[in-house]
Amino acid sequence: MLAAVGQPVPNTEHAVSVSLPSWRATVGYEEGEEWVVSKMKTGYPRFFIHLSIQELQSEILKLHGKPGEAVMLWPTLLVARRCQKFFHDKVPDLSPDLVHVLVLEPVISKQRSQETVSSGLAAVFFPKEYFSTAKQVWQHSGDGISSRRAEFCLKALRDGFLKPAAATPTTPKLEDLYTKGPRRYQRPASQQANNLLPQTTTPPNASTNSEPSSQEKATVEPELKDYAQFVEERFGRNLNAKLASQAKLAIRRRISGCLKEDSDLDHALAASANNCDSRQKGLRDTDVFLFPCGMSAIFNTHRILLQLGQQTNGDQPKTQKSICFGFPYIDTLKILQKWGPGCQFYGFGNSDEIDDLQKRLEGGERFLALFCEFPSNPLLNSPDLIRLRGLADKYEFAIVVDETVGNFININVLTHADVVVSSLTKIFSGDSNVMGGSMVLNPQSRYYEGLSRLLSQPDVYEDTYWAEDAVFMERNSRDFISRSHRINHNTSTVTTLLQNSPIVKHVYYPATSPSRANYEACRHPNGGYGGLFSVTFHNPAQAVVFFDRLAVQKGPSLGTNFTLASPYTILAHYTELDFTAQWGVDPNLVRVSVGLEETSELVKVVEAALEEAAKVGV
């Protein structure tokens with residue numbers, strides 16, 4: 001049964017998507033119409049702050065906020081500092097004292113030999129009229145806390161296990177905020193990991209010297225209940241830090257290619273870490289880094305490349321722009337434009353634009369990195385990675401490829417990239433109930449040594465992937481390979497049907513794209529063309545009827561185990577339709593992510609929608 005307006009998709013507390021079941025509902029959401037907005041129980045996590053996070057924000061504001069303030073919650077102090085820095089860059093007239101950070105730490109009452117999951121928070125307070133500024137960091141960086149972490153911290157706060165750090169960090173110099181906080185404001189790495197991250201060691205004793213408020217006194221005193229008991233009551237006996245670290249290892253092995261078959265956790269842990277050469281020679285699971293979501297992987301890759309550029313350029317500031325090649329998912333372009341020195345945008349991503357890039361390079365222009373998707377979302381174009389690789393090698397810029405839509409079961413882009421990023425939220429998970437992202441370093445890249453060195457530093461890379469999210473992601477991804485093959489088959493069948501329809505104007509799909517040769521150059525011999533396609537119609541009204549009558553779930557996201565559709569341009573670019581049109585993105589484009597349903601049933605669903613759409617204008 002299709003979900004009603006504003007209901008989670010799927011019907012679970014931590015759903016990644018939300019139901020916007022009609023074209024009218026999607027427009028109503030974008031217009032802020034009450035009949036839609038009032039029914040929103042959830043939304044895509046980087047755009048809609050989950051209700052559990054909102055509840056935690058409210059509690060923290062009551063306890064620690066000032067009148068007129070709002071708060072945004074981050075997993076660590078370093079992440080919070082980047083939010084602070086964005087405020088200072090984008091709102092320079094705002095007094096630095098009005099954007100301040102409070103670190104909340106878990107209060108551990110007793111030592112236990114068993115490793116115990118823990119989490120703290122870093123809260124950034126700011127004048128509430130500047131909420132949209134903080135929301136940009138939340139949306140674009142993807143580094144905010146997850147809904148499961150929020151649930152954990154909310155209970156810890158109410159039970160008296162989450163309190164302000166004894167020493168409140170002072171405001172750092174603004175020039176130190178972008179890539180990392182100054183060392184004098186950082187806690188020792190081990191203490192920071194224990195207090196703010198869900199990592200692998202038993203947290204030390206902690207206490208607070210501050211006098212509790214009357215509201216805090218009403219909570220359960222920490223001394224009356226052991227922290228490990230609190231964690232057990234929250235999760236049950238099965239989740240501790242060791243299990244979380246094992247889950248993350250299994251995820252990294254699947255991504256690196258060390259694990260090439262459907263398997264449970266025990267099998268994944270027993271797999272060899274030295275059998276990953278199918279993706280790239282010398283690749284190991286230690287070359288895979290996990291993030292809270294795919295956009296976080298992109299944001300942090302850009303951030304760390306900027307830092308590497310600063311180091312290799314000595315004392316002189318690095319002013320080289322990055323390149324966004326091809327029309328991308330919205331936030332990638334925003335990251336490159338809003339952080340760092342700016343972006344050269346090649347929205348078509350075709351050979352003519354490579355010609356232009358080559359002329360710029362031959363004329364002396366230099367760039368930090370080129371970011372692209374393979375294939376792109378939503379037009380499913382594949383850039384010429386071989387030609388781009390040649391330019392990158394000659395003129396020394398990095399190539400970062402987002403393989404989310406293609407996925408490494410179908411394609412191998414790592415051999416042509418320096419870094420490969422992906423949203424694990426999508427087909428790697430499939431269940432649409434947990435977020436995650438990954439960064440994979442190419443061990444053959446000229447940047448490998450420098451990036452590896454930076455990523456080994458705790459003040460540059462922090463594993464902020466919440467323990468419970470990792471456990472769900474590992475379980476969801478066990479049958480990732482077999483699901484990918486089935487979805488490939490379903491999508492190929494459905495796109496063939498659409499291409500044969502007289503009312504269809506264009507089907508965007510790697511197998512039928514003008515850039516197919518570029519896709520084939522990276523496709524595995526047994527790889528398919530992925531589970532995503534977009535479709536446009538000769539009559540815009542037919543697109544509306546097709547979408548409304550298509551009997552599948554409707555909402556944001558992709559790569560779900562169930563078929564999911566959206567009027568993508570309306571949903572992602574409603575306020576910039578003229579901009580998208582100039583890059584060939586039709587305002588009435590319908591994007592469909594194909595699921596695991598029986599092929600014959602999917603065909604019937606699409607045929608029925610086409611039949612209704614064909615009646616328009618008759």
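**Entry 1**

I note here that the model is a predicted one.

I then looked up what strand 8 pairs with. It is joined to strand 10, residues 367-373, by 4 bridges, and the two strands run parallel. Within that pairing, I recorded F371 of strand 10 as the bridge partner of C324. Strand 8 also pairs with strand 9, residues 343-346, in the parallel sense and over 4 bridges. There, C343 of strand 9 is the bridge partner of S322.

I followed the chain onward into the loop between strand 10 and helix 15 (385-395), where S376 is placed. Is S376 buried or exposed? Its relative accessible area is 6%, and a residue under 20% counts as buried, so S376 is buried.

I also checked what lies across from S376 in sequence. Y509 is 133 residues away along the chain, yet the C-alpha atoms of S376 and Y509 are 9.9 Å apart in space.

Next I looked at the peptide bonds of this loop. The bond joining F374 and P375 is cis, with omega about -15°, and P375 belongs to the loop between strand 10 and helix 15. The bond from N377 to P378 is also cis, its omega being near 20°. I placed P378 in the loop between strand 10 and helix 15.

**Entry 1. Positive phi values**

I turned to backbone angles, bearing in mind that most residues other than glycine have a negative phi. E396 has a positive phi, near 60°, and is not a glycine. This residue sits in the loop between helix 15 and strand 11 (398-402). With a relative accessible area of 51%, E396 is exposed, because the cut-off for that class is over 50%.

S557 is another residue other than glycine with a positive phi, here near 95°. I found S557 in the loop between strand 16 (553-554) and strand 17 (564-566). Its relative accessibility is 7%, so S557 counts as buried.

**Entry 2. Helix 6**

I examined helix 6, which covers residues 147-158, and compared its length with expectation. At 1.5 Å a residue its 12 residues should span 16 Å, and the end C-alpha atoms are 16 Å apart, so the two values agree.

How many of the residues of helix 6 are buried? I recorded 10 of the 12, so the helix is largely enclosed by the rest of the structure. Among the buried residues are S147, R148, R149, E151 and F152. Further along helix 6, C153, L154, A156 and L157 are buried as well. After the helix comes G160, whose phi is positive, near 85°.

**Entry 3. The largest cavity**

My count of cavities of 30 Å³ or more came to 13. The largest cavity has a volume of about 320 Å³. It is lined by 26 residues, and those nearest its centre are P45, I145, S146, S147 and M435.

By class, I listed 14 nonpolar, 8 polar and 4 charged residues around the largest cavity. Domain 1 (51-164) and domain 2 (286-476) both contribute to the lining, so the largest cavity lies between them.

**Entry 4. The largest pocket**

Helix 5 gives the most, with 5 residues. Sorted by class, the lining of the largest pocket comprises 22 nonpolar, 14 polar and 10 charged residues.

Notes
Residues numbered from 1 in each chain as written. Predicted model: local features only at pLDDT ≥ 70, side-chain atom pairs only at ≥ 80, totals over all residues. Heavy atoms only, no water. Nonpolar A, V, L, I, M, F, W, Y, C, P; charged D, E, K, R; others polar. Expected span 1.5 Å × (residues − 1). Buried < 20%, exposed > 50% of the residue type's maximum accessible area, 1.4 Å probe, protein only. 1 Å grid on protein atoms, 1.4 Å probe; cavity = no way out; pocket = protein on both sides within 12 Å on 5 of 7 lines; lining within 4 Å. Points joined across faces, edges and corners; volume = space filled by probe spheres on them. Domains from an automatic or database assignment. Pairing = 2+ DSSP bridges.
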